[in-house]
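Reader: I'm new to this. Could you walk me through how to read a protein model?

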Amino acid sequence: MLENKGLYSELTARCADKDTSSDMKDTSGERVLDVIKRDLSRTFPEHPSFKEPVMLNNMQDILAAFCLYRPEIGYCQGLNFIVGALLIATQRKDGELLAEECFWLLVALVEILPDYHSNKMTCLNNDCLVLNDLVRKTVPQTHQIVSLFGLPIQMFVTKWFVCLFVDVLPFHTVLHVWDTLFYEGNKMLFRVAVYQFVLHKQELKKLQDPSGLAMFFRELFWMVKLGITLSI
């Protein structure tokens with residue numbers, strides 16, 4: 001951050017420029033800022049902090065600035081959850097939000113991940129296949145149950161990787177995962193993902209059909225999501 005002093009302010013100023021923001025479009029041709037604004041209301045909607053304009057404005061600034069800084073990635077759904085969690089994690093006791101620090105933390109996190117947030121997401125798809133093999137070797141009975149239902153593991157775990165477990169684990173656990181992620185790289189994500197199948201193998205054995213499996217993963221850790229997830 002010190003090596004790029006003033007860059008974040010420059011990027012946010014460019015995003016505020018109407019000509020620049022109009023040129024920022026996603027692969028479908030839609031204005032990126034419109035996509036970001038639409039997703040802001042979907043980011044931890046039950047958490048009181050994410051109803052405050054100052055929080056939403058900072059999220060928008062960080063995500064838009066990232067689009068300019070990493071145009072080959074742009075905006076990917078999932079980054080909004082990461083940015084929201086970063087803002088809460090770095091918020092000072094007096095309520096001040098450290099937007100610039102969060103921006104550079106986002107940059108560092110995305111650089112660790114092998115192409116998880118690009119348009120093609122090739123490495124993300126490959127890592128989901130690797131995780132499938134790890135689950136098969138670690139908890140073969142659980143893997144067999146999931147396979148019998150005909151639903152690929154990628155269907156459930158893609159969001160875990162894209163959001164870095166923000167919407168899956170309690171917030172203090174997410175921070176521990178991210179700390180290790182900075183130190184050891186993305187192999188930490190595989191460990192955490194495999195452990196979810198180990199931890200819940202008894203519940204998975206009780207499922208009777210594909211719809212039950214889909215519902216289980218959708219509601220996984222539901223009680224610690226949103227307001228509870230982001231409480232420290």
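This is a predicted model: local features need pLDDT of at least 70, side-chain atom pairs count only at pLDDT 80 or more; totals for chains, interfaces and linings use all residues.

Reader: Where does arginine 70 lie?

Author: You'll find arginine 70 in the loop between α4 and α5. Leaving aside neighbours within four places in sequence, arginine 70 is in contact with Val110 and Glu111.

Reader: Okay, let's zoom out. What does the secondary structure of the whole chain come to?

Author: The protein chain has 14 helices and zero strands. If you read the elements from the N terminus on, you go α-α-α-α-α-α-α-α-α-α-α-α-α-α.

Reader: And what share of the residues is buried?

Author: Buried residues make up 49% of the 232 residues in the protein chain. Among contacts between residues at least 6 apart in sequence, 68% join residues at least 24 apart.

Reader: Can we take a single helix? What span should helix α6 have?

Author: For a helix, you take 1.5 Å times one less than its number of residues. Helix α6 covers residues 99-112, which is 14 residues, so it should span 20 Å. The end C-alpha atoms of α6 are 20 Å apart, which agrees.

Reader: Which residues of α6 are buried?

Author: They are Ala99, Cys102, Phe103, Trp104, Leu106, Val107, Leu109 and Val110. These buried residues pack against α1 (7-16), α4 (53-69), α5 (79-90) and α10.

Reader: What about glutamate 100: where is its place?

Author: Glutamate 100 is in helix α6 too, but it is partly exposed, with a relative accessible area of 24%. Now find lysine 5. Glutamate 100 and lysine 5 are 95 residues apart along the chain, and their C-alpha atoms are separated by 9.8 Å.

Reader: How do I describe two helices that touch?

Author: Two packed helices are described by the angle between their axes and the distance between the axes. Take helix α10 (residues 171-184) and helix α11 (residues 187-199): their axes come within 8 Å and cross at roughly 140 degrees. Over 145 degrees would count as roughly antiparallel; α10 and α11 are therefore oblique to each other.

Reader: Which residues make that contact?

Author: From α10 come Val177, Thr180, Leu181 and Glu184, and from α11 come Lys187, Met188, Leu189, Arg191 and Val192. Sorted by class, the contact has five nonpolar, one polar and three charged residues.

Reader: What do the side chains of arginine 191 and glutamate 184 do?

Author: They meet in a salt bridge, at 2.7 Å from N to O. Arginine 191 is partly exposed, with a relative accessible area of 44%. Glutamate 184 is also partly exposed, at 30%.

Reader: One last thing, backbone angles. What is phi of leucine 164 near?

Author: Phi of leucine 164 is near 55 degrees, a positive value in a residue other than glycine. Leucine 164 sits in the loop between α9 (154-162) and α10, and it is buried at a relative accessible area of 0%.

Reader: And what about phenylalanine 165?

Author: Phenylalanine 165 isn't a glycine, yet it has a positive phi of about 70 degrees. Its place is in the loop between α9 and α10, and phenylalanine 165 is buried, with a relative accessible area of 0%.

Methods: Residues are numbered from 1 along each chain as its sequence is written. Side-chain values use heavy atoms; hydrogens and water are left out. Axes are lines fitted to C-alpha atoms, for helices over the stretch in contact, and angles run from 0 to 180 degrees between N-to-C directions. Helices (H or I, at least four residues) and strands (E, at least two) are DSSP runs, numbered from the N terminus. Angles under 35 degrees count as roughly parallel, over 145 as roughly antiparallel, 65 to 115 as roughly perpendicular and the rest as oblique. Contact means heavy atoms within 4.5 Å. Ala, Val, Leu, Ile, Met, Phe, Trp, Tyr, Cys and Pro count as nonpolar, Asp, Glu, Lys and Arg as charged, and the others, Gly among them, as polar. A salt bridge is a side-chain nitrogen of Lys or Arg within 4 Å of a carboxyl oxygen of Asp or Glu. Buried means under 20% relative accessible area, exposed over 50%, partly exposed in between (1.4 Å probe, protein chains only).
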